Amino acid sequence: MRDVNEAAPAYAGQRATGESIERGGGGLGVDALLAKVRTAEAPSPTGPDAGSERGSRNAPAPAAPDVDGLAAAIAAAAGPHLPEGYLSPDADFFDAGGSSVGAVELVAELERELGLEISLDDVFADARPRSLAQRWLSAAGATAVLSASATSGTSPAAATRAPTTTAAGTSPTPGTLPLSAAGTRPAAAPGTLPVPAPRTPPATAITTRPGNSDTPHSTARPEDLDQILADLSLADRLPWTSTPEALPPRRILLTGATGFLGSHMLLDLLRHSDAHVYCLVRAADEEAATARLGDALKSYRLPWSSEVRRRVTVLPGDIRRPHLGLSDELWNTLAHELDSVVGVAAAVDFLRGYQSLRQSNVIGSLTLAELAATGRPKPLHHISSIAVFNEVGITAMGEDDPLAHVDRLIAGYDQTKWAAEVALRRARDHGLIVTAMRPGGIGGHTRTGAYNPQDLSSGLISAFGRFRTVPAFHYLNAAPVDWVSRVAVGVICEPDAWGYDYHLTGVPNTLDDVVRDMAFRRYACARTGLGRVAHRRPGPPGSRTRARTGLPGPGVAEPHRPQAVRGDAEGPGGHRRPYRRARRGARAPAGGPL
């Protein structure tokens with residue numbers, strides 16, 4: 001009787017925990033959330049017979065974790081690393097405001113607090129808690145099957161012949177995933193060979209290039225390729241439309257106006273046309289959206305005057321949401337009043353995978369195509385990227401050349417830009433006029449010196465100056481933002497230029513040219529790589545820079561003249577309009593994108 005009374009507090013604590021979980025688990029800490037992914041062990045009996053009782057019977061096996069519970073635990077752990085402090089199990093960590101540093105901290109916390117060894121690559125590939133839970137359970141299930149087959153002598157194929165399928169995907173059969181005392185890794189059977197932990201990534205698929213059987217290349221993940229094919233099929237659901245009037249636009253919807261290129265395009269649209277521009281800005285309300293747009297323009301040394309505000313209407317919304325996050329009434333109004341749609345907004349991140357970027361870069365582009373094809377016929381001008389050619393060993397990069405093989409694009413950003421452009425090509429079959437413009441690297445403004453501090457090209461130039469060292473790759477392909485913006489606006493405002501593909505790339509500079517143009521005065525810059533260092537002599541005091549790359553640097557003296565891929569011609573008002581088609585089929589400069 002005394003033993004029962006002593007164990008009563010422990011059972012009461014278990015009951016309170018269970019009732020808390022049934023009520024939704026509000027206020028539970030990270031440790032308490034473990035109860036959602038595993039069954040708590042029964043308290044050990046006390047008293048003089050406890051030792052013999054423990055030895056005479058086996059402890060009950062813990063239950064296998066479920067996807068929903070594990071996703072909820074991962075989402076709860078990710079919340080503190082986000083601005084809002086909360087993450088839905090189906091929301092993307094990065095879309096919710098997470099950073100790469102936060103992702104590293106999240107991976108460490110999941111291993112420390114929950115015992116989940118999740119690869120950082122998996123987080124960048126698909127940062128939704130539910131997807132992370134599914135991938136971890138799938139890896140853990142495969143490990144358990146290998147252990148079971150090694151013990152029983154059966155083949156892994158036979159052990160996995162009949163998996164249990166749920167709404168969330170394929171999961172291991174209940175009872176085949178024993179957990180260790182920490183509740184994380186499947187316990188290895190005695191006498192079996194070591195099995196990799198669940199975080200061990202699967203072997204990367206390696207194939208060989210056609211015509212060169214000795215040179216392998218990596219391929220995209222199969223799950224990403226399946227999602228790309230599914231996303232491409234969405235273009236077949238777009239409305240059919242007719243050809244728009246061949247007139248300069250008067251009412252334009254612009255996305256990405258708070259970005260580096262988009263903000264310059266906004267000002268160029270206002271300078272070189274009479275159009276009124278509707279800017280879609282991600283914000284909670286119109287006041288916050290207007291403030292965000294104004295701050296972005298000022299940060300790039302662009303005016304935010306009363307005249308600019310008079311011709312701009314700010315619309316709070318989000319390209320990742322259905323109908324751009326707009327009300328049905330506003331969506332229908334824009335569909336019947338706009339005469340041009342310009343899509344500049346994109347998530348630019350070279351670490352995140354396709355699943356993490358598709359909502360912004362692919363689904364958002366298809367939503368803009370839906371708006372362009374609904375109501376009044378209007379063209380869609382899509383800012384793509386030269387990254388659609390980022391296949392290793394590609395032989396041609398002309399404007400009208402075939403794009404890269406998508407299974408050989410490894411970076412998620414490259415895959416999303418490829419998928420968006422190919423989907424919009426399908427939209428052309430529905431009558432939609434689609435113009436694809438492909439910038440390469442975008443450097444600073446040749447007059448104001450404004451640059452994008454988050455851009456890779458600008459970061460490299462900054463590193464060159466800070467460390468006085470240059471890596472040993474050959475070319476740096478970056479065009480000034482004012483030139484890229486002007487060419488893009490010239491295409492948008494000229495009906496004869498609609499419906500074609502354009503490379504908005506500069507003339508690639510060798511790094512020797514870049515270093516020379518940076519006008520280092522009193523110090524040398526070393527070029528390192530492949531075991532050699534070539535020291536450059538510093539220029540004479542007072543020497544000035546020729547802004548061949550348009551990248552940030554002192555003493556801009558001679559503006560860069562990038563290659564106009566379709567020829568230049570004087571337009572109304574004396575400004576240059578590089579949109580003529582006299583040189584159609586011009587190829588991207590040798591060296592390609594950075």
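Let's start at His323. His323 sits in the loop between β7 (312–316) and α13 (328–337). Keep in mind that this is a predicted model. The phi angle of His323 is near 55°, a positive value in a residue other than glycine. Is His323 buried, exposed or partly exposed? His323 counts as partly exposed, because its relative accessibility is 25%, and that label covers the range between 20% and 50%.

Now Arg301. Its phi is near 60°, again positive in a residue other than glycine. Look for Arg301 in the loop between α11 (286–299) and α12 (306–310). Arg301 is exposed, at 56% relative accessible area.

On to salt bridges. How many does a search of the whole structure find? The search finds 23. I'll show you a few.

Take Arg130 and Asp90. They form a salt bridge, with the closest N and O atoms 2.6 Å apart. Arg130 lies in helix α7 (residues 129–152), and Asp90 lies in the loop between α4 (67–78) and α5 (100–114), so the pair ties together parts that are 40 residues apart in sequence.

Next pair: Asp126 and Arg128. Here the closest N and O atoms are 2.8 Å apart. Asp126 counts as buried, at 5% relative accessibility. Arg128 counts as partly exposed, at 28%.

Then Arg428 and Asp501. Their side chains meet in a salt bridge, 3.0 Å from N to O. This pair links distant parts of the chain: Arg428 is in helix α15, Asp501 is in strand β15 (residues 501–504), and they are 73 residues apart. Arg428 is partly exposed, at 27%.

There is also a network. Salt bridges link Asp92, Asp95, Asp318, Arg320 and Arg352.

Helix α15 comes up again in the packing. Two packed helices are described by the angle between their axes and the distance between the axes. For α14 and α15 (residues 412–428), the angle is about 20° and the axes are 9 Å apart. That makes α14 roughly parallel to α15, because angles under 35 degrees count that way. The crossing of α14 and α15 is right-handed.

Last stop: the surface. Val348, Phe350 and Leu456 form a nonpolar patch there. Together they have about 300 Å² of accessible area. Where is Val348? Val348 is in the loop between β8 (340–343) and α14 (354–373). Val348 is exposed, with a relative accessible area of 57%.

How values were computed:
Residues are numbered from 1 along each chain as its sequence is written. This is a predicted model: local features need pLDDT of at least 70, side-chain atom pairs count only at pLDDT 80 or more; totals for chains, interfaces and linings use all residues. Side-chain values use heavy atoms; hydrogens and water are left out. Patches are made of residues with over 30% relative accessible area and no salt bridge: like charges are joined within 9 Å, nonpolar side chains (Val, Leu, Ile, Met, Phe, Trp, Tyr) within 5 Å. Accessible areas come from the Shrake-Rupley method with a 1.4 Å probe; for residues, only the protein chains shown count as cover. A salt bridge is a side-chain nitrogen of Lys or Arg within 4 Å of a carboxyl oxygen of Asp or Glu. Helices (H or I, at least four residues) and strands (E, at least two) are DSSP runs, numbered from the N terminus. Buried means under 20% relative accessible area, exposed over 50%, partly exposed in between (1.4 Å probe, protein chains only). Axes are lines fitted to C-alpha atoms, for helices over the stretch in contact, and angles run from 0 to 180 degrees between N-to-C directions. Angles under 35 degrees count as roughly parallel, over 145 as roughly antiparallel, 65 to 115 as roughly perpendicular and the rest as oblique. A crossing is left-handed if the near helix is turned anticlockwise from the far one by less than a right angle, and right-handed if clockwise.
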